[in-house]
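Please find below a colleague's note on the model shown here. The points are numbered and may be read in any order.

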Amino acid sequence: PPRITSPASGDRYILVEGLPAEFQKLSLQAAAAPAGAKLYWFLNGAYVAESEAGGAAAFAPLTPGRHTARVVDNAGRSDSVSFLVEE
């Protein structure tokens, strides 16, 4: 099954006031087999991106608070982590 490598569970991110959202993206990465498999990303239950195993996706904008990132592969296997965004 996929395993989220970024963000890590318990990570803390700080939003920089005045910095545009496109420069404050969250990198979504997961280790999965086989390489090249499609991965589907969800943030707080809402679909946000698609990537291939071994690749990365990015998400912006982030909002302050506790968030849960979840990845699901083609076979329906998943992993999730929680992280915190602060201002």
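**Strand pairing, backbone and salt bridges**

1. Strand 7 and strand 8 (residues 78-86) are paired in the antiparallel sense through eight bridges. Strands here are DSSP runs (E, at least two residues), numbered from the N terminus, and two strands pair if DSSP finds at least two bridges between them. Within this pairing, R70 stands opposite S80 in strand 8. Four residues separate the strands of this hairpin, and G76 takes a positive phi near 85 degrees there.

2. The model is predicted: local features need pLDDT of at least 70, side-chain atom pairs count only at pLDDT 80 or more, and totals for chains, interfaces and linings use all residues. Residues are numbered from 1 along each chain as its sequence is written, and side-chain values use heavy atoms, with hydrogens and water left out.

3. Strand 7 (residues 65-73) is also joined to strand 4 by five bridges, and these two strands run antiparallel. F42 stands opposite R70 in strand 7.

4. A three-stranded open sheet has the order 1-3-6, with antiparallel pairing. Its edge strands, each pairing on one side only, are strand 1 (3-6) and strand 6 (56-59). From one strand to the next the twist averages 35 degrees (axes are lines fitted to C-alpha atoms, and angles run from 0 to 180 degrees between N-to-C directions). Strand 1 is joined to strand 3 (residues 26-31) by three bridges, and I4 stands opposite A30 in strand 3.

5. The peptide bond from S6 to P7 is cis, with omega near 5 degrees; P7 belongs to the loop between strand 1 and strand 2 (12-14). N44, a residue other than glycine, has a positive phi near 55 degrees and sits in the loop between strand 4 (38-43) and strand 5 (46-52). With 46% relative accessibility, N44 counts as partly exposed (buried means under 20% relative accessible area, exposed over 50%, partly exposed in between, with a 1.4 Å probe and protein chains only).

6. Four salt bridges are counted, each defined as a side-chain nitrogen of Lys or Arg within 4 Å of a carboxyl oxygen of Asp or Glu. One of them joins the side chains of R12 and E86 at 2.7 Å, N to O. This pair links distant parts of the chain, with R12 in strand 2 and E86 in strand 8, 74 residues apart. R12 is exposed, at 57% relative accessible area, whereas E86 is partly exposed at 22%.

7. Which residues are linked with K38 in a network of salt bridges? The network consists of K38, E50 and E52. The closest N and O atoms of E50 and K38 are 3.4 Å apart, while the side chains of K38 and E52 meet at 3.8 Å, N to O. K38 lies in strand 4 and E52 in strand 5, so this pair ties together parts that are 14 residues apart in sequence. K38 is partly exposed at 31%, as is E50 at 39% and E52 at 42%.

8. Not counting residues up to four places away in sequence, E52 touches G36, A37, K38 and L39 (contact means heavy atoms within 4.5 Å). By contrast, E52 and D11 are 23 Å apart, C-alpha to C-alpha, and 41 residues apart in sequence.
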